[in-house]
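Have the viewer open as you read.

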Amino acid sequence: MDKRILLTLALGAMSQVFTHAWEPKGDKIKTVWAEQVTPENVWQSYPRPQLQRAEWINLNGLWKYAVTDQNTPRKNVSFEGEILVPFAIESSLSGVQKTFLPTDKLWYQREFTLDPSWKNKSTILHFGAVDYECQVWVNNRLVGTHKGGNNPFSFDITKYLKKSGPQSIEVAVTDPTDTESISRGKQQLNQEGIWYTPVSGIWQTVWLEAVNKTYIRQVLPSTDIERKSVKLAFDIIGAKGNEEVKIEVLDDGKVIKTVEQKLRDAMEIDVPNAVLWSPESPKLYHLNIVLSNGGRVLDRVKSYFALRKVDVRKDECGYNRICLNNQPIFQYGPLDQGWWPDGLLTPPSEEAMLWDMVQLKKMGFNMIRKHIKVEPEQYYYYADSLGLMMWQDMVSGFATSRKKEEHVNPLATTDWNAPEEHTRQWQKEMFEMIDRLRFYPCITTWVVFNEGWGQHNTVEIVNKVIKYDDTRLINGVTGWTDRGVGDMYDVHNYPVTSMILPENNGNRISVLGEFGGYGWAIKEHIWNPNMRNWGYKNIDGAMALIDSYGRLVYDLETLIAQGLSAAVYTQTTDVEGEVNGLITYDRKVTKIPEGLLHLMHNRLYEITPVKAVTLIADSQNGSKNTRLVGMNGQELKMTSLPFDCPPRSTVVSEATFKVDKDFNHLSLWLNVAGEAKVWLNGVEVFAQEAKQTRQYNQYNISDYSRYLRKGSNLLKIEVKDSKKMRFDYGLRAY
């Protein structure tokens, strides 16, 4: 055959590979926004709300890609198709949906052309996030490397650019996922339980911007609500020392203050008729900032700020409370993991991401715990605008093969003895996250460690964070292995409510960092019908879910009165095999009507603190008490509580107590496991399966308070078909 014909056929085959229309891959459930994604419209919004410039180029869209082993040299890479950036290679919306192994290397390549107006300016190449370690080349020259899968990074690529014509970017990525001790969050090569599909490669926006040699790298506002002022701290690249700055403060688009002066590291500006930021009134003030020198404009950016203050104060009962603008505020929100069936960690669009947040606001939540994920920056701007307070987790992780060592046991007395190299990298990533996100006023709390995952040097690291950002609260350890450091004593308790009582919390804030997790699997909206679809308690049907969830919210009321300052329900949406979301994974079914949730939640923000009276003492403070107890039909006899009860037993106990005044609220505390029933003066006031956790479970039985009598009262408890437990119980009233 003629060589020219062979060449033509080969070129034609290659053309078909790279011109094949992009489409989502796979047959799993998808959101409605996935259907609207195209290579032309994917993630086109400006990616950095805290500092906006006019001159920028979005590099999202189709890139060439290849997967090789890690030993393949760059010159031998043969691109095999196209991938839609910014979606990870494992995702449906990438158009690839391939498993990526720790032994693999993922290659990207694309071309771009600079606008002629960028001549004589510096060009900065930005990556929103690349998981996990990467190298970047521009026009075949290595410009830099980066390690860490959750934070943005950038390179000044000016000296690597050609004077004109197409410019080339190549990126090479490796990702150990859970085979190494890295900040990988919920990603795991073997998906099961709480572990999800890995996310490898570029998963947030890639973009370019043009700047002068002298430009503003960051503007960090800090506000003083007493002085009604904002202090702006400037980070300027290439400053000569004689620059001037002009700042306009805008309220609803109208300039209310203008300041012009010589540039200083920090400038304080009074805000006329200042309005404070809150969930009910999320007031944002916008900024126009011009940096100049001798009348020549060097940089022009837009930014914003909000006047708000977060701290800890004691309420009228002496309980430590989270305070916003000097007033106690109960924070209630969902555990929000930010996973999507079509984009995995990358939402299919900005609109999709915003939809989740608007739904939570409609449901009456005032807070979100952003769990083991760092979102695109637009997310935090939306939270600022909507008035949603935020707990931001640092992304935890451990090597699955070394789980026994690196995942610290709840009762462990010592932390993981992490290698110096690990703690250096982990802390670097954590402080990069704080530096990037501390601008956003919605964030009220940094969460350092989660449930013992890779938990190391706890006291040292948490104290570092406390000193690094004193404008926010620090939750040193959420759940599991408390080390007595940080602003919060945080417990996780599934599925029902609990807290560490204020008298036992070391003069900190008592919070319930995770609870609930009721799972309702809706058949047509399941990620994988062939895997275990589960919740911390499985529910069958809408009415059962409403009943169970409503009971939990009711139980919170008596905890808030006794000192609980925040609670986090698991979770916003289903995620892969977890079906315990308030919304299905594909966002097509909201399992409980938003209006009903808003009605339930609104009550939580109006509760007055009280000093409860102990009617029946339990042993939460370590004391011992005696009660009449009988096992398996035997006669009741005085027994010291708590006591170890063998499984498959029936336990009955009675306690008498006296009341000399009326009480409207009753708080029942149980440390039992099995089918439990409780009677107050012969009336059944509680009947459900109880699970023993590391804390005493608390139940609000205030709707039975009318059965209290002045004088002598009798409480009886029966636990059938018991699990192994340390049997104990108590009753409080107010």
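Start where H7 meets H8: Ile-546, Tyr-549, Gly-550 and Val-553 on the H7 side touch Leu-596, Leu-597, Met-600 and His-601 on the H8 side. Sort that contact by class and you get six nonpolar residues, two polar ones and no charged ones. Keep in mind that this is a predicted model.

How do the two helices sit against each other? Two packed helices are described by the angle between their axes and the distance between the axes. Here the axes of H7 (residues 542-561) and H8 (residues 594-602) come within 10 Å and cross at roughly 20°. Angles under 35 degrees count as roughly parallel, so H7 runs roughly parallel to H8. As for handedness, H7 passes H8 in a right-handed crossing.

Now for the gaps. Rolling a probe the size of a water molecule over the atoms shows where empty space is left. Searching the whole structure turns up three cavities of 30 Å³ or more. The largest cavity has a volume of about 80 Å³. Its lining takes in 14 residues, and Gly-185, Lys-186, Leu-345, Ile-372 and Lys-373 are the ones nearest the centre. By class, the lining of this largest cavity splits into five nonpolar, six polar and three charged residues.

Then there's the largest pocket, with a volume of about 880 Å³. It is lined by 37 residues, and closest to its centre you'll find Arg-48, His-126, Pro-152, Phe-153 and Ser-154. Which elements give two or more residues to that lining? They are strands E5 (122-127), E9 (153-156), E12 (206-211) and E13 (215-224), along with helices H3 (377-386) and H5 (420-437). The pocket lining divides into 16 nonpolar, 11 polar and 10 charged residues.

Finally, have a look at the backbone. The peptide bond from Val-85 to Pro-86 is cis, with omega near 20°. Pro-86 sits in the loop between strand E3 (81-85) and strand E4 (104-112). Another cis peptide bond links Asp-131 and Tyr-132, with omega about 15°. You'll find Tyr-132 in the loop between strand E6 (130-131) and strand E7 (133-138). Move on to the loop between E7 and strand E8 (141-147) and you reach Asn-139. Asn-139 isn't a glycine, yet its phi is positive, near 50°.

Notes: Residues are numbered from 1 along each chain as its sequence is written. This is a predicted model: local features need pLDDT of at least 70, side-chain atom pairs count only at pLDDT 80 or more; totals for chains, interfaces and linings use all residues. Side-chain values use heavy atoms; hydrogens and water are left out. Axes are lines fitted to C-alpha atoms, for helices over the stretch in contact, and angles run from 0 to 180 degrees between N-to-C directions. Helices (H or I, at least four residues) and strands (E, at least two) are DSSP runs, numbered from the N terminus. Angles under 35 degrees count as roughly parallel, over 145 as roughly antiparallel, 65 to 115 as roughly perpendicular and the rest as oblique. A crossing is left-handed if the near helix is turned anticlockwise from the far one by less than a right angle, and right-handed if clockwise. Contact means heavy atoms within 4.5 Å. Ala, Val, Leu, Ile, Met, Phe, Trp, Tyr, Cys and Pro count as nonpolar, Asp, Glu, Lys and Arg as charged, and the others, Gly among them, as polar. On a 1 Å grid over the protein atoms alone, a cavity is a set of points where a 1.4 Å probe fits but cannot get out, and a pocket is an open set with protein on both sides within 12 Å along at least five of seven lines; lining residues have an atom within 4 Å of a point. Grid points are joined across faces, edges and corners, and a volume is the space filled by probe spheres set on the points.
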